[in-house]
Amino acid sequence: MLIIFSNILFVKIRERGKMKRKGLYKPTVEDAIEIGGIETLHPGGFALTKRTAELAALREGLKVLDVSSGRGTQSIFYAKKFGVDVTGVDISEEMVKTAADNAEKAGLSHKVQFMLGDSQCLPFEDNTFDVVISCTVGIPDDSQKVLQEMVRVVKPGAGF
Ligand SMILES: C[S@@+](CC[C@H](N)C(=O)[O-])C[C@H]1O[C@@H](n2cnc3c(N)ncnc32)[C@H](O)[C@@H]1O
């Protein structure tokens, strides 16, 4: 399944010829997602995004952190559908810019913001968010640290 998906993605990239212009024939996952225009890239797809929202009981007034937010698809969905205020954090400057553009296009810039940051060292104070979510496939070097960081920034008794 993943191989088929990857092949489709890379054919799409070649068709567009954008990788050639960038001089990249061995794209990173980030290049592939950005240039391929793929909206959701994590196991479980958009169904998992919806499920995480249900499990976290998202509702208006909650402050949500979306770790490794990519193109912002999940963050924007959470804000639009559940009225939560979302901060997305991603290590790629290009992703952060695309996500911010997408939020603006969706008319949700006032509810969703995107920031540059490393999930292994989140740029937030302790106990900042009501809910912390991460739907991703790219696992950073220190996945234990990512979990610790997610726990650190979520308010005690809240969800992640
Ligand atoms: C596979 S994409 C998933 C994006 C989004 N969550 C989705 O499901 O569509 C992985 C994202 O993780 C980001 N990423 C990789 N390492 C990271 C790190 N250490 N800290 C924050 N983001 C990271 C990448 O830039 C990329 O946007």
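**Close-up views of a predicted chain**

**View 1. Helix α4 and its buried side.** In helix α4 (residues 45-55) of this predicted model, the buried residues are Thr49, Thr52 and Ala53, where a residue counts as buried if 20 or more other C-beta atoms lie within 10 Å of its own, exposed if 12 or fewer, and partly exposed in between, with C-beta atoms placed from the backbone. Seen down the axis of α4, these residues fall within an arc of 100°, so they line one face of the helix; the arc is that of the directions from the helix axis to the C-beta atoms. An α-helix has 3.6 residues a turn, so residues three or four places apart point the same way. The face turned away from the buried side carries the exposed residues Ala47, Arg51, Glu54 and Leu55, while the cover over the buried residues includes α5 and β4. Just after α4, Ala57 takes a positive phi of about 50°. Helices (H or I, at least four residues) and strands (E, at least two) are DSSP runs, numbered from the N terminus. Residues are numbered from 1 along each chain as its sequence is written. Because this is a predicted model, local features need pLDDT of at least 70 and side-chain atom pairs count only at pLDDT 80 or more, whereas totals for chains, interfaces and linings use all residues.

**View 2. The largest nonpolar core.** This core has 27 residues, of which Val64, Tyr78 and Val132 touch the most other members; a nonpolar core is a set of buried Ala, Val, Leu, Ile, Met, Phe, Trp, Tyr and Cys residues joined through C-beta atoms within 7 Å. Elements giving two or more residues to the core include β1 (63-67), α5 (73-82) and β4 (129-133). Leaving aside residues up to four places away in sequence, Tyr78 touches Ala53, Leu58, Val64, Val84 and Val86, a contact being two C-beta atoms, placed from the backbone, within 7 Å.

**View 3. Strands β1 and β4.** The two strands pair in the parallel sense over three bridges, pairing being assigned if DSSP finds at least two bridges between them. Val64 has Val131 of β4 as its bridge partner, and five of the five residues of β4 are buried.

**View 4. Confidence along the chain.** The average pLDDT, the predictor's confidence in each residue from 0 to 100, is 80 for the chain, and 68% of the residues score at least 70. Confidence is lowest in helix α1 (residues 2-16), at a mean of 39, and highest in β3, at 98. Where pLDDT is low, the predicted coordinates should not be read in detail.
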